[in-house]
Amino acid sequence: MRVERLPMARLTTLGVGGEAEVWTVETLDDLKRATEAPYRVLGNGSNLLVADEGVAERVIRLGGEFALWNPNLSGWVGAGVMVPSLVQAAARLGLSGLEGLYGVPAQVGGAVKMNAGTRFGEMSEALAEVEIFHDGGLHIYRPHELGFTYRGSRLPEGGIVTRVRLELKPSSPEVVQARIAQVDAARKGQPKRKSAGCAFKNPPGDSAGRLIDAAGLKGTTIGRAMISHEHGNFLVNLGGATAAEMYALIKKVQAVLPLEVEWEIWG
Ligand code: FAD
Ligand code: EPU
């Protein structure tokens with residue numbers, strides 16, 4: 001186990017946020033020790049806006065036995081494994097069910113917690129079982145017990161996803177690749193700059209990006225934080241943005257449109 005003070009700007013895709021005490025755990029014993037004081041759990045940091053002041057709680061990162069997986073996708077997959085590696089493996093093996101997650105830069109645990117996905121499919125649809133650490137021990141859940149919704153779940157209080165078992169359908173590499181190409185095409189309008197994906201949830205039946213665009217807000221800039229010209233729901237870091245600037249941009253949108261924030265705000 002490693003414990004170090006690190007700038008969260010380096011551990012998040014948005015690239016903002018002050019320091020935190022980061023506990024990188026490798027075994028169940030490490031996890032038990034790390035959770036003895038207030039904590040938050042970090043995945044790949046791709047849905048987070050961390051305050052400039054940093055994080056008061058311990059930040060737990062999953063390594064070691066929590067990042068193991070078998071490239072044939074049988075058996076348990078560690079929550080610290082990157083989703084893009086799984087999507088790639090499934091395509092190679094001709095297994096269908098993860099295509100909707102193509103392009104989502106998450107870890108398995110973060111993708112479960114957020115029920116990440118696109119209209120082509122979500123994480124919850126590819127799960128057989130989820131192992132979760134809470135109240136000092138490991139517990140196994142079936143997906144229907146975890147209250148999955150659009151970009152959300154109801155994990156047990158303080159629960160840390162440690163491993164999952166996937167349920168994928170036999171198909172062929174060609175069919176799976178073709179579906180991935182469809183998902184890739186749907187992402188074409190998304191910017192390449194530093195972001196945490198879409199900042200706001202889509203209201204039922206509509207798109208937050210379309211609404212922000214129609215309100216004429218694209219290109220709005222506060223300091224080094226900008227509403228992307230390419231896609232209205234991407235708030236991007238032009239380089240050196242602060243969390244305060246990002247937060248001010250969110251408020252600017254919400255002053256005009258009643259949108260719910262999708263990003264998780266820490267600190
Ligand atoms: P983090 O951002 O690190 O954490 C998110 C939440 O999950 C936090 O509450 C954290 O505590 C919790 N968490 C993390 N790991 C665990 C664990 N092991 N156990 C319990 N809780 C945990 N999302 C989509 O849904 N669809 C998209 O198409 C999409 N496209 C994106 C494109 C880009 C370029 C970027 C940067 C992001 C995109 N996102 C998308 C957003 C993001 O990838 C997802 O929300 C993803 O699920 C976050 O996973 P993460 O591992 O990065 O989690
Ligand atoms: N649109 C505009 N202007 C914009 C952006 C979008 O007019 O600036 C229009 C598009 O032309 C399209 C409609 O709005 O007609 C929907 O846009 P898009 O296809 O880009 O989908 P989205 O609803 O904005 C959702 C997810 C993305 C996911 C894509 C691809 C949410 C909040 N967003 O975006 O997920 O990658 O579909 O399937 O659900 C994320 O959650 O972080 C994320 C990036």
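The largest share of the shell around ligand 2 comes from helix α5 (residues 208–214), which gives 3 residues. Keep in mind that this is a predicted model.

**Stop 1: ligand 2.** Select ligand 2 and the residues around it. There are 20 of them, and the closest are Y150, C198, N202, D213 and E262. Coloured by class, this shell shows 4 nonpolar, 9 polar and 7 charged residues.

Now look at the oxygen atoms of the ligand. One lies 2.8 Å from an N or O atom in the side chain of E262. At H231, a polar side-chain atom is 2.9 Å from an oxygen atom of ligand 2. G232 takes part through its backbone, where an N or O atom is 2.8 Å from an oxygen atom of the ligand. On its own, ligand 2 has 820 Å² of accessible area, and the protein covers 75% of this.

**Stop 2: the domains.** Colour the chain by its domain assignment: domain 1 is 2–64, domain 2 is 70–186 and domain 3 is 208–266. Which domains each give at least three residues to the shell around ligand 2? They are domain 2 and domain 3. The centres of domain 2 and domain 3, taken over C-alpha atoms, are 28 Å apart.

**Stop 3: ligand 1.** Move to ligand 1 and select its shell of 35 residues, in which V41, S46, G117, R187 and E264 come nearest. By class, the shell has 16 nonpolar, 15 polar and 4 charged residues.

Again, start with the oxygen atoms. A polar backbone atom of G43 is 2.7 Å from an oxygen atom of ligand 1. The side chain of R151 has an N or O atom 2.9 Å from an oxygen atom of this ligand, and for the side chain of E264 the distance is 2.5 Å. The protein covers 93% of the 970 Å² of accessible area that ligand 1 has on its own. Elements giving two or more residues to this shell are β3, α3, β8 (117–118), β12 and β17 (264–266). Of these, α3 gives the most, with 5 residues.

Why is ligand 1 said to lie between domain 1 and domain 2? Both domain 1 (2–64) and domain 2 (70–186) give residues to its shell, so ligand 1 lies between them.

**Stop 4: S46.** Stay with S46, one of the residues nearest ligand 1. Find S46 in the loop between β3 (39–42) and β4 (48–50). Is S46 buried or exposed? Its relative accessibility is 16%, so S46 counts as buried, because the cut-off for buried is under 20%. A polar atom of its side chain lies 3.3 Å from the backbone oxygen of P105. Leaving out residues up to four places away in sequence, S46 touches T13, P105, A106, A196 and G197.

**Stop 5: E131.** Next, select E131 in strand β10 (residues 127–134). E131 is buried, with a relative accessible area of 7%. Its side chain makes a polar contact of 2.7 Å with the side chain of T162. Beyond its neighbours within four places in sequence, E131 has contacts that include W76, L138, I160 and R163.

**Stop 6: helix α2.** Finish at helix α2 (residues 83–93), where V83, L86, V87, A89, A90 and A91 are buried. Show what surrounds them: the buried residues pack against β6 (76–78), β7 (95–96), α3 (108–114), β12 (160–166) and α4 (173–186). After α2 comes G94, with a positive phi near 70°.

Conventions:
Residues numbered from 1 in each chain as written. Chains lettered and ligands numbered in written order. Predicted model: local features only at pLDDT ≥ 70, side-chain atom pairs only at ≥ 80, totals over all residues. Heavy atoms only, no water. Near = heavy atom within 4 Å. Polar contact = N/O pair within 3.5 Å; in protein donor to acceptor, adjacent residues only side chain to side chain. Areas by Shrake-Rupley, 256 points an atom, 1.4 Å probe, with all protein chains shown as cover. Helix = DSSP H or I, 4+ residues; strand = E, 2+ residues; numbered from the N terminus. Nonpolar A, V, L, I, M, F, W, Y, C, P; charged D, E, K, R; others polar. Domains from an automatic or database assignment. Buried < 20%, exposed > 50% of the residue type's maximum accessible area, 1.4 Å probe, protein only. Contact = heavy atoms within 4.5 Å.
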